[in-house]
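Please study the sequence and the model before working through each solution.

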Amino acid sequence: VFILSLVVRHRKITPLDTHDRPKVAFVVPAYNEEDAVGNCLKTLLKCTYENFEIIVVDDGSTDDTFEEVQKLSTDRRVRVFAQLNHGKWGALNTAIRNTDAEILVCIDADTQVRPDALGHLVKHFSNPRVGAVAGKVVVGNRVNLLTRLQALEYVTAQNFERRAHDSLNSMLVVPGALGAWRTDALRAVGMYSADTVTEDADMTVAVSRAGYRITYEDEAVAYTEAPETVRLLLSQRLRWSFGMFQTAWKHKGAIRERVPVGLVSIPDLVIFGYLYALLAPVADFFLLLLAWNHVFGPPSDLAVGGGLMAVAPVAFAYLALPLFELFVAGYALRADKQESMWMLLLFPVQRFVYRQLLYSSVRRALLRAVMGSFTGWGIKKRMRRDLLAMQEG
């Protein structure tokens, strides 16, 4: 009820005065993105906001990423840098060091941004306390069951969880797919770091700990290309889970500092992101065991009655959370004018099949944290798709 009240009370920001147009730089770090970066840049060049530039940093790609970018670099608003491979954090820092823009909008090379998104992001920075703004990321390639399940996950996370964290100023991640940053805030915390593989979460918590407010803007929309196979999904989520664990460990001092991200988001991540993923299979096992004993146990009336008495409370407790999650998904879909309530039909598959894939990634990430290391940009397989056109169609 408390979380729902925060979501309902989520406030809107008054737009900037029409004469206040600070310079903005779109920052696009790219590594082997020849199939996606062209469409990304084409959408950015259609932006309706007037004062912006685009900085593309090719981080040592081994394909034709640089050549694809060069095709659009004749536009004076596009600047291109090429460097040896350092990782995404290094590419982002190269852009920061080479711009005088007051605001940076960092996006992934597979992101396609709606033309009006930048104006919606920038208006928040009229408040000098705002250090970053998270945009709304929508799955654009809903071409199979797996990508549709991810679309439902994104809708729920943004229209419910992210609005609640916005109200508490406890945002844990400004997404790399679409996030706006006050440049001075990035420089104040030492710019991006190689300490984690989720540099967007690391930077979000760092800026929050520095005293800035981090907010969410649901009118700033970008479309991303979600993994279309289970193998690619597991690779992506392993990286995310491992990186979020690194971020929580690195910023555990935020709990002692009693800042909202430390009091709310990091404990929530540990409990529901990791401990719950570890305990969920155990709960499933005991529920199945009780059900088995009820069905195949001694056939006496006392045993049957006792079986019912034993199973009922556990079954209710087990089903209470999925029922609440179903309500949350329905509320999130109802709050989003672009989505259809028919997506709720995906919920059983998401809850009892798709969620198990995510749990497996969390367990693998924890094992990696204990046994080894994890680096790199990750496995990617892009399609040359116009995601905005797919949505309009």
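Helix 8 and helix 9 cross in a right-handed sense; a crossing has this hand if the near helix is turned clockwise from the far one by less than a right angle, and is left-handed if anticlockwise. This is a predicted model, in which local features need pLDDT of at least 70 and side-chain atom pairs count only at pLDDT 80 or more, while totals for chains, interfaces and linings use all residues. Residues are numbered from 1 along each chain as its sequence is written, and side-chain values use heavy atoms, with hydrogens and water left out.

**Exercise 1. Describe the packing of helix 8 and helix 9.**

Step 1. The axes of helix 8 and helix 9 lie 8 Å apart at an angle of about 25°. Axes are lines fitted to C-alpha atoms, for helices over the stretch in contact, and angles run from 0 to 180 degrees between N-to-C directions. Helices are DSSP runs (H or I, at least four residues), numbered from the N terminus.

Step 2. Helix 8 and helix 9 are therefore roughly parallel to each other (angles under 35 degrees count as roughly parallel, over 145 as roughly antiparallel, 65 to 115 as roughly perpendicular and the rest as oblique).

Step 3. Glu199, Ala201, Asp202, Val205 and Arg209 of helix 8 make the contact with Arg239, Met244, Thr247 and Lys250 of helix 9, where contact means heavy atoms within 4.5 Å.

Step 4. By class, this contact has 3 nonpolar, 1 polar and 5 charged residues (Ala, Val, Leu, Ile, Met, Phe, Trp, Tyr, Cys and Pro count as nonpolar, Asp, Glu, Lys and Arg as charged, and the others, Gly among them, as polar).

**Exercise 2. Describe how helix 9 packs with helix 13.**

Step 1. Helix 13 covers residues 347-371, and its axis is 8 Å from that of helix 9, at an angle of about 50°.

Step 2. The contact of helix 9 with helix 13 comprises 13 nonpolar, 3 polar and 3 charged residues.

**Exercise 3. Describe how helix 6 packs with helix 9.**

Step 1. Helix 6 (residues 145-168) and helix 9 (residues 230-250) have axes that come within 11 Å and cross at roughly 30°.

Step 2. Helix 6 and helix 9 are therefore roughly parallel to each other, and their crossing is left-handed.

Step 3. In helix 6, Leu146, Gln150, Glu153 and Tyr154 meet Val230, Leu233, Gln236, Arg237 and Trp240 of helix 9. This contact of helix 6 with helix 9 has 5 nonpolar, 2 polar and 2 charged residues.

Note on methods: Helix = DSSP H or I, 4+ residues; strand = E, 2+ residues; numbered from the N terminus.
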